[in-house]
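Colleague: I have the sequence and the structure open on my screen. Could you take me through them step by step?
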Amino acid sequence: MSQITDRARILVVDDEPANLKVMREVLANDYRLSFAKSGDLALQLIENEPPKLILLDVMMPDMNGFEVCKILKANPETAHIPVIFVTALSHEQDESEGFSLGAVDYITKPISPAIVRARVKTHLSLVQAEQLQLAHIDLINRLGRAAEYKDTDTGEHIARMSRYSKVLALAYGMTEYQAEQLKQAAPMHDVGKIGIPDSVLLKPGRLDANEFEHMKQHAVIGAKILENSSSPLLQLAHKLALEHHEKWDGTGYPLGLKGEEISIEGRIVSIADVFDALTSVRPYKDAWPVEKAVELLQAESGKHFDPQLVDLFIGQIDAIIEIKNTYSR
């Protein structure tokens with residue numbers, strides 16, 4: 001692939017040819033450029049080949065830049081494309097309207113070439129960072145699903161329990177960001193099952209003592225798979241893999257942690273994981289009714305589970321049931 005094709009493509013929209021020429025001189029050495037002299041033409045070009053970024057004039061005949069931006073942001077297929085308004089409108093209310101419509105930046109004319117280059121580079125870097133984060137999350141989900149294929153309903157377990165975890169995290173008082181991070185890391189909690197023999201993992205009945213010792217190793221195996229990562233998301237996943245079978249009273253495994261020695265994330269995922277396991281079909285059991293699973297959580301409050309989190313989970317049972325129904329066959 002040539003160097004030119006590897007460059008990010010930017011769409012420049014302006015009804016004045018002189019302005020398009022200036023942008024060509026400023027950006028052509030670093031990016032692939034497309035040009036449109038009207039909002040309608042811009043929308044056609046975007047539909048044919050969505051650009052990585054749009055430099056959009058506001059004052060154009062027929063359809064102004066604000067209207068173009070509104071159309072783009074209303075369409076899920078184009079809403080993610082960053083829009084930078086480049087305009088002679090310099091009033092604060094114009095700039096405020098531009099940002100309210102979803103633009104990422106606002107540059108006033110006459111432009112400074114250095115500012116245009118800097119702003120374009122910054123926002124393309126943010127796009128790349130977001131794409132890497134999405135790829136990161138996608139990989140975590142796929143690896144988690146790989147483990148779940150061995151003994152559950154092929155990915156629906158992690159879809160449910162990760163969402164249960166987020167609901168409980170929010171009820172506990174975590175921020176939206178913290179709860180979302182927990183939801184994204186939770187699918188990796190059982191990745192260590194990859195290292196457990198199928199004769200143990202898929203046994204249609206109770207495990208004997210020796211088999212159970214084998215099964216317990218999945219927490220250690222998962223932690224080893226995920227250890228020493230520089231990624232905060234994988235660091236959290238490592239914690240969950242290691243701690244999701246620890247118990248509030250200290251009788252869990254593999255470390256025998258007790259009470260708040262177990263991270264809050266580990267305590268949350270433990271409840272979400274057990275509830276979903278109870279209410280799902282497994283090789284060794286039928287699915288329990290929700291009411292029976294709730295009774296077990298209550299019975300194990302203060303023993304297996306953090307009592308505060310059990311109460312919060314039950315308090316969110318309507319949201320939990322909605323997730324269960326949504327992500328079940």
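Predicted model: local features only at pLDDT ≥ 70, side-chain atom pairs only at ≥ 80, totals over all residues.

Colleague: In what sense do strand 1 and strand 2 pair, and over how many bridges?
Modeller: Strand 1 (residues 9-13) and strand 2 (residues 32-36) are paired in the parallel sense, over 5 bridges. Two strands pair if DSSP finds at least two bridges between them. Helices (H or I, at least four residues) and strands (E, at least two) are DSSP runs, numbered from the N terminus.

Colleague: Through which helix does the chain cross from strand 1 to strand 2?
Modeller: The chain passes through helix 2 (residues 17-27), and this β-α-β crossover is right-handed. That term applies if, with the strands pointing away from the viewer, the path from the first strand over the helix to the second runs clockwise.

Colleague: Which residues of helix 2 are buried?
Modeller: The buried residues of helix 2 are Leu20, Met23, Val26 and Leu27. They lie on the same side of helix 2 because they cover an arc of only 120° around the axis; the arc is that of the directions from the helix axis to the C-beta atoms. Ala18, Lys21 and Glu25 are exposed, on the face of helix 2 turned away from its buried side. Buried means under 20% relative accessible area, exposed over 50%, and partly exposed in between (1.4 Å probe, protein chains only).

Colleague: What about strand 3? Which residues cover its faces?
Modeller: Leu53 and Leu55 are on one side of strand 3 and Ile54 and Leu56 on the other, and all are buried. Strand 3 runs parallel to strand 1, joined to it by 4 bridges, and leucine 11 stands opposite isoleucine 54. Strand 3 also pairs with strand 4 in the parallel sense, over 3 bridges. There, isoleucine 54 stands opposite valine 83. From strand 3 the chain crosses through helix 4 to strand 4, and this β-α-β crossover is right-handed.

Colleague: Where is threonine 78 found?
Modeller: Threonine 78 is in the loop between helix 4 (65-74) and strand 4 (83-87). Threonine 78 counts as buried because its relative accessibility is 9%. Not counting residues up to four places away in sequence, threonine 78 touches Ile46, Ile71 and Leu72, where contact means heavy atoms within 4.5 Å.

Colleague: A change of topic: is isoleucine 271 buried or exposed?
Modeller: Isoleucine 271, which is found in helix 12 (residues 264-278), counts as buried because its relative accessibility is 0%. Among the residues that isoleucine 271 touches, leaving aside those up to four places away in sequence, are Leu168, Leu297 and Phe313. Isoleucine 271 and methionine 161 are 110 residues apart in sequence and 8.9 Å apart in space, C-alpha to C-alpha.

Colleague: How many cavities of 30 Å³ or more does a search of the whole structure find?
Modeller: The search finds 1. The largest cavity holds about 40 Å³ of space, and its lining includes Trp248, Arg267 and His304. On a 1 Å grid over the protein atoms alone, a cavity is a set of points where a 1.4 Å probe fits but cannot get out, and a pocket is an open set with protein on both sides within 12 Å along at least five of seven lines; lining residues have an atom within 4 Å of a point. Grid points are joined across faces, edges and corners, and a volume is the space filled by probe spheres set on the points.

Colleague: And what volume does the second largest pocket have?
Modeller: Its volume is about 230 Å³. Of the 12 residues that line the second largest pocket, the closest to its centre are Ala8, Lys52, Leu124, Ser125 and Gln128.

Terms used. Residues numbered from 1 in each chain as written. Heavy atoms only, no water.
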